[in-house]
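Here's a quick briefing for anyone opening this structure for the first time. Have a look at the sequence and the model, then go through the points below.

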Amino acid sequence: MYTHSTKIRVRYSETDQMGYVYNGNYAQYYEVGRVEMLRSLGMTYGKMEETGIMLPLLELKCKFIKPALYDQEITIKTYMKELPGVRMLFDYELFNEKEELINIGATTLVFFDMVKKKPCPPPDYFLERIAQYYE
């Protein structure tokens with residue numbers, strides 16, 4: 001299993017009238033977690049797209065436990081529990097500054113060949129970097 005943590009501060013524009021993070025923004029927080037996890041492995045969406053691979057979102061799950069509030073620093077813990085195949089699954093846990101669990105979520109992305117316009121296996125260079133965490 002590969003795990004990664006990153007932090008983000010809740011911006012005013014992400015909150016509703018009550019000062020709570022608007023529910024639609026959690027998908028963006030998950031994306032921050034994913035992007036930073038991939039970056040920690042030396043990969044970016046841009047590099048994958050240069051090689052003809054995209055990663056469209058197939059599924060999104062989100063469970064709210066406690067609200068995230070304006071100006072709080074949120075820790076996004078991202079987990080890749082299994083070696084990806086055509087699909088890549090991510091799990092997320094978000095914590096507030098008191099280290100209280102406030103949200104859990106999951107996303108499924110698909111490796112997609114931009115030329116053939118269909119799902120494909122992960123590229124070899126991706127598997128080479130991540131396989132060590134699943135031995």
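Threonine 108 counts as buried, because its relative accessibility is 9% and the cut-off for buried is under 20%. Keep in mind that this is a predicted model.

**Threonine 108**
- You'll find threonine 108 in strand β6.
- Setting aside neighbours within four places in sequence, threonine 108 is in contact with Pro56, Leu57, Leu58 and Glu59, and also with Arg87, Met88 and Leu89.

**The largest nonpolar core**
- This core has 28 residues, and the ones touching the most other members are Tyr29, Ile74, Leu94, Phe111 and Phe126.
- Two or more core residues come from each of β1 (2-9), α1 (26-40), β4 (73-80), β5 (87-95), β6 (101-110) and α3 (124-130).
- With five residues, α1 gives the most to the core.
- Take isoleucine 74: leaving out residues up to four places away in sequence, it touches Thr6, Lys7, Ile8, Val10, Ala68, Leu94, Phe95, Asn96 and Ile102.

- Leucine 69 sits in the loop between β3 (57-64) and β4.

Note on methods. Residues numbered from 1 in each chain as written. Predicted model: local features only at pLDDT ≥ 70, side-chain atom pairs only at ≥ 80, totals over all residues. Heavy atoms only, no water. Core = buried A, V, L, I, M, F, W, Y, C linked by side-chain atoms within 4.5 Å. Buried < 20%, exposed > 50% of the residue type's maximum accessible area, 1.4 Å probe, protein only. Helix = DSSP H or I, 4+ residues; strand = E, 2+ residues; numbered from the N terminus. Contact = heavy atoms within 4.5 Å.
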